[in-house]
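I opened this model to look up a few local features and then the fold around them. My notes follow in the order I took them.

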Amino acid sequence: MADKSQILAMPEISLGPEVRGMPVLGFGTAADPPVDAETTKQAALQAIELGYRHFDAAALYNSEQPLGEAIIEAINRGLIKSREELFITSKLWCSDAYAPDVVPAIRKTLQKLKMDYIDLYLIHWPVSSKRGIYEYPIKKEDFRPLDFQAVWAAMEECQGLGLTKAIGVSNFSSKKLADALYTANIPPAVNQVEVNPCWQQKKLIKFCKDNGVVVVAYAPLGAVGTFYGTNRVMESEVLKEIAEARGKTVAQNKELAGFSAMGFGARHWGGCQKLQQGQDAAQP
Ligand SMILES: NC(=O)c1ccc[n+]([C@@H]2O[C@H](COP(=O)([O-])OP(=O)(O)OC[C@H]3O[C@@H](n4cnc5c(N)ncnc54)[C@H](OP(=O)(O)O)[C@@H]3O)[C@@H](O)[C@H]2O)c1
């Protein structure tokens with residue numbers, strides 16, 4: 001078991017008075033190539049043991065069920081007292097991004113997570129896709145226009161019903177976010193987007209900051225090793241020099257773990273295994 005004295009206090013970001021503070025560093029649950037449910041469960045359990053309290057899931061990732069099981073086991077083992085100690089994000093997949101499908105989709109998510117509520121529910125991408133298909137990348141012929149106003153109203157209903165404490169978006173550009181802010185009754189609390197030293201998104205981050213939308217950074221290591229990622233972050237000579245000067249690894253650079261003051265570094269399973277092996281210091 002992790003030595004509790006080595007677990008650092010994790011700063012939290014407020015998404016509003018009704019929402020548990022969001023720990024700035026979270027644990028991602030997407031795996032590419034995909035892993036089996038037991039691997040996901042064990043990784044999440046290890047992450048809780050190491051002190052992670054913020055988990056990033058999605059209907060697309062097939063991680064909700066094993067994450068829910070890991071949380072129950074963590075409670076049974078006494079690693080945490082209750083689910084309230086955690087901040088759980090999940091996401092509406094594009095094939096459910098139709099107004100009548102949103103509440104049923106979050107109920108399915110909650111059923112898999114074995115929870116009454118999640119802390120944050122996001123529209124995963126600003127598009128809809130053919131109903132019934134959960135796959136990424138989406139085939140060209142499966143794209144459908146997103147009726148944002150109607151889908152967002154259903155997201156607001158999810159929050160009103162207490163199924164999620166906060167709602168937000170993911171992969172929204174400044175333009176799309178501006179349109180969203182114009183029509184929303186409840187403004188998106190979060191925009192989860194890719195942010196790392198090779199993709200700094202300065203304009204978008206400024207727009208979000210000016211409009212009170214918290215940016216959550218995904219792929220802080222550049223998603224190295226995934227089909228959508230790049231090795232430019234982990235192989236950056238500048239980051240290697242900074243790491244060397246500090247006696248750290250590239251992944252331990254603060255610039256990656258907390259790249260944006262408003263962001264967090266969601267992690268891949270490999271990150272957890274590397275934490276266990278003492279190779280990584282982006283520790284909570
Ligand atoms: N909203 C969205 O559309 C969206 C999109 C992508 C991701 N996300 C979220 O963000 C999370 C993280 O993003 P990501 O997995 O794409 O990218 P990432 O965290 O930048 O990169 C993960 C990759 O980094 C490697 N890695 C992890 N720790 C390392 C270490 N200490 N040293 C060297 N390499 C290390 C892993 O390698 P190994 O192969 O060795 O494990 C893994 O392949 C996901 O799990 C998901 O929750 C959201």
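I started at Asn-62, in the loop between strand S4 (54-56) and helix H2 (64-76). The model is predicted, so I treat every value here as computed. Asn-62 is not a glycine, yet its phi is positive, about 60°. Buried or exposed, or in between? The cut-off for buried is 20 or more.

I then went to Lys-114, another residue other than glycine with a positive phi, near 60°. Lys-114 sits in the loop between helix H3 (99-113) and strand S6 (118-123). I noted 14 C-beta neighbours inside 10 Å, so Lys-114 counts as partly exposed.

Next I checked cis peptides. One joins Asp-32 and Pro-33, with omega about 0°. I placed Pro-33 in the loop between S3 and helix H1 (37-50). A cis bond also joins Tyr-136 and Pro-137, again with omega about 0°. Pro-137 belongs to the loop between strand S7 (128-129) and strand S8 (143-144).

I turned to the sheet. What is the strand order? I read S3-S4-S5-S6-S9-S10-S11, 7 strands in an open sheet with parallel pairing. Strands S3 (27-28) and S11 (214-218) are at the edges. Each has a single partner strand, so one side of each has no neighbour in the sheet. I followed strand S10 (residues 190-194) to S11: they run parallel and are joined by 5 bridges. Glu-194 stands opposite Tyr-218 in S11.

Then I looked at the core. Which residues have the most contacts inside the largest nonpolar core? I found Leu-92, Tyr-121 and Met-155, in a core of 71 residues. Helix H4 (residues 148-160) gives the most to this core, 6 residues. I listed the contacts of Tyr-121 beyond four places in sequence; among them are Leu-92, Ile-106, Met-155 and Ile-167.

I also checked Lys-175, in helix H5 (residues 174-183). Lys-175 counts as exposed, because it has 11 C-beta neighbours inside 10 Å. Its C-alpha atom is 9.6 Å from that of Phe-207, 32 residues apart along the chain.

Last, I took the chain totals. I counted 9 helices and 11 strands. Of the 284 residues, 45% are buried. Among contacts with a separation of 6 or more, 71% join residues 24 or more positions apart.

Technical notes
Residues are numbered from 1 along each chain as its sequence is written. This is a predicted model: local features need pLDDT of at least 70, side-chain atom pairs count only at pLDDT 80 or more; totals for chains, interfaces and linings use all residues. Helices (H or I, at least four residues) and strands (E, at least two) are DSSP runs, numbered from the N terminus. A residue is buried if 20 or more other C-beta atoms lie within 10 Å of its own, exposed if 12 or fewer, and partly exposed in between; C-beta atoms are placed from the backbone. Two residues are in contact if their C-beta atoms, placed from the backbone, lie within 7 Å. A nonpolar core is a set of buried Ala, Val, Leu, Ile, Met, Phe, Trp, Tyr and Cys residues joined through C-beta atoms within 7 Å. Two strands pair if DSSP finds at least two bridges between them.
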